[in-house]
Amino acid sequence: MTTVRVIGVPTDYGQDRRGVDMGPSAIRYAGLADGLADAGVEVEDAGDLLVPRAEERDPDYRSPSQGNAKFLRETEEVCTRLADEVADTIDDGELPLVLGGDHSVAIGTLGGSARDAEVGAIWFDAHGDYNTPTTSPSGNVHGMPMAAVLGYQEWADVGWANAPGLREENVVYVGLRSLDDVEREAIRDSEMTAYTMSDIDERGITEVVEAALSVASDGVDSVHVSLDLDWLDPGIAPGVGTPVRGGVTYREAHYAMERVCEADVLRSMEVVEVNPVLDDHNETAELATELVASAFGKRIL
Ligand SMILES: NC(=[NH2+])NCCC[C@H](N)C(=O)O
Ligand SMILES: [Mn+2]
Ligand SMILES: [Mn+2]
């Protein structure tokens with residue numbers, strides 16, 4: 001039986017809206033343990049990483065190579081510890097489930113997951129998160145993790161952000177609908193595969209998810225799944241910091257998670273960007289919990 005080790009990362013260094021640091025609590029409160037039990041997996045909750053409050057830090061501390069990026073030192077500090085936790089979890093034969101926090105935590109999750117193995121990644125998100133400290137219009141590191149771990153542009157010089165076992169060819173985006181201009185060109189020029197919402201409209205979630213799974217798992221040991229709650233339509237997932245209209249539906253999202261489970265390639269998973277302060281009676285955290293249960297095997301019949 002799979003044992004899932006839950007690792008909370010209560011950080012909001014990667015963006016400007018406060019509250020996403022409460023994501024791990026909100027997701028647990030929404031019934032994560034019961035959801036995983038329904039899915040038939042063993043659960044071990046490792047608690048939360050200790051993350052100093054943003055108010056105690058200076059977002060504007062910059063070393064010359066940091067460009068616009070805010071809280072980069074703090075992000076390094078958290079992601080370095082997270083990468084070790086994730087790698088240790090996998091070494092112990094368990095499956096890490098990381099609860100964000102904002103999407104900057106992916107630098108740590110992927111760093112640990114792709115440390116000693118060849119892995120692919122499926123990025124369920126409205127956004128590409130492929131900015132760099134100098135191309136980013138916002139300076140928010142949650143818009144940069146994919147570029148960071150792949151060493152795109154100046155990220156190549158940032159020694160701590162890397163995922164040696166992850167190659168662009170095995171990275172797949174599903175559900176894109178908001179890209180910055182430079183980021184769009186960079187994604188076009190990369191070897192990554194990107195399915196936008198229009199692709200889902202045209203081909204249906206069934207076909208897109210099949211394609212995503214096959215590209216991500218091609219020639220590698222296993223796959224990391226990154227689930228940003230703003231992938232879903234804000235009508236059903238209002239508790240996120242950067243909502244974008246026109247996201248996937250409740251059923252499309254569940255279907256995708258069910259297929260992830262059936263493909264039996266999962267190495268690590270993270271659920272990010274749940275912001276209880278912006279949420280409506282914890283409904284986004286509840287949705288996150290249900291989607292995790294589907295990804296780990298909960299079925300109707
Ligand atoms: N993980 C996220 N929600 N990312 C949103 C990124 C938004 C925008 N592209 C930026 O870089 O600032
Ligand atoms: Mn994201
Ligand atoms: Mn997003």
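How many bridges join strand E1 to strand E3? Six bridges do so, between residues 3-9 of E1 and residues 95-100 of E3. The structure is a predicted model, in which local features need pLDDT of at least 70 and side-chain atom pairs count only at pLDDT 80 or more, while totals for chains, interfaces and linings use all residues. Residues are numbered from 1 along each chain as its sequence is written, and chains are lettered from A and ligands numbered from 1 in the order in which they are written.

**View 1. The open sheet has eight strands.** The strand order is E2-E1-E3-E8-E7-E4-E5-E6, with parallel pairing. Strands (E, at least two residues) and helices (H or I, at least four) are DSSP runs numbered from the N terminus, and two strands pair if DSSP finds at least two bridges between them. Strand E2 (42-48) and strand E6 (193-196) are at the edges with a single partner strand each, so one side of each has no neighbour in the sheet. On average, neighbouring strands are turned by 15 degrees against each other, direction ignored. Within the sheet, E1 and E3 run parallel, and Val-9 stands opposite Gly-100 in E3.

**View 2. E5 and E6 are joined by a crossover.** These strands pair in the parallel sense over four bridges. Val-172 stands opposite Thr-193 in E6. From E5 the chain passes through helix H6 (residues 181-189) to E6 in a right-handed β-α-β crossover (clockwise from the first strand over the helix to the second, with the strands pointing away from the viewer).

View 3. H7 (residues 197-217) lies across strand E4 (119-124), strand E5 (166-176), E6 and strand E7 (222-228), and runs at about 155 degrees to E5. Angles run from 0 to 180 degrees between N-to-C directions, and axes are lines fitted to C-alpha atoms, for helices over the stretch in contact. With helix H8 (residues 250-263), H7 packs at an angle of about 35 degrees, the axes being 10 Å apart. Ile-205, Val-209 and Leu-213 of H7 make the contact with Glu-252, Tyr-255, Ala-256, Arg-259 and Ala-263 of H8; residues are in contact if their C-beta atoms, placed from the backbone, lie within 7 Å. By class, this contact has six nonpolar, no polar and two charged residues. Ala, Val, Leu, Ile, Met, Phe, Trp, Tyr, Cys and Pro count as nonpolar, Asp, Glu, Lys and Arg as charged, and the others, Gly among them, as polar.

**View 4. Helices H3 and H4 cross.** The axes of H3 (residues 72-91) and H4 (residues 106-113) come within 7 Å and cross at roughly 35 degrees. Residues in the contact include Val-78, Leu-82 and Ile-90 of H3 and Ile-107 and Gly-111 of H4. The contact has eight nonpolar, six polar and two charged residues.

**View 5. Ligand 1 has 14 residues around it.** Among these, His-103, His-127, Ser-138, His-142 and Gly-143 come nearest (a residue is near if its C-beta atom, placed from the backbone, lies within 6 Å). The shell holds no nonpolar, nine polar and five charged residues.

**View 6. Two loops have backbone features.** The peptide bond from Gly-100 to Gly-101 is cis, with omega near 20 degrees, and Gly-101 is in the loop between E3 and H4. Phe-71, in the loop between E2 and H3, has a positive phi of about 55 degrees although it is not a glycine.

Definitions and conventions:
Two residues are in contact if their C-beta atoms, placed from the backbone, lie within 7 Å.
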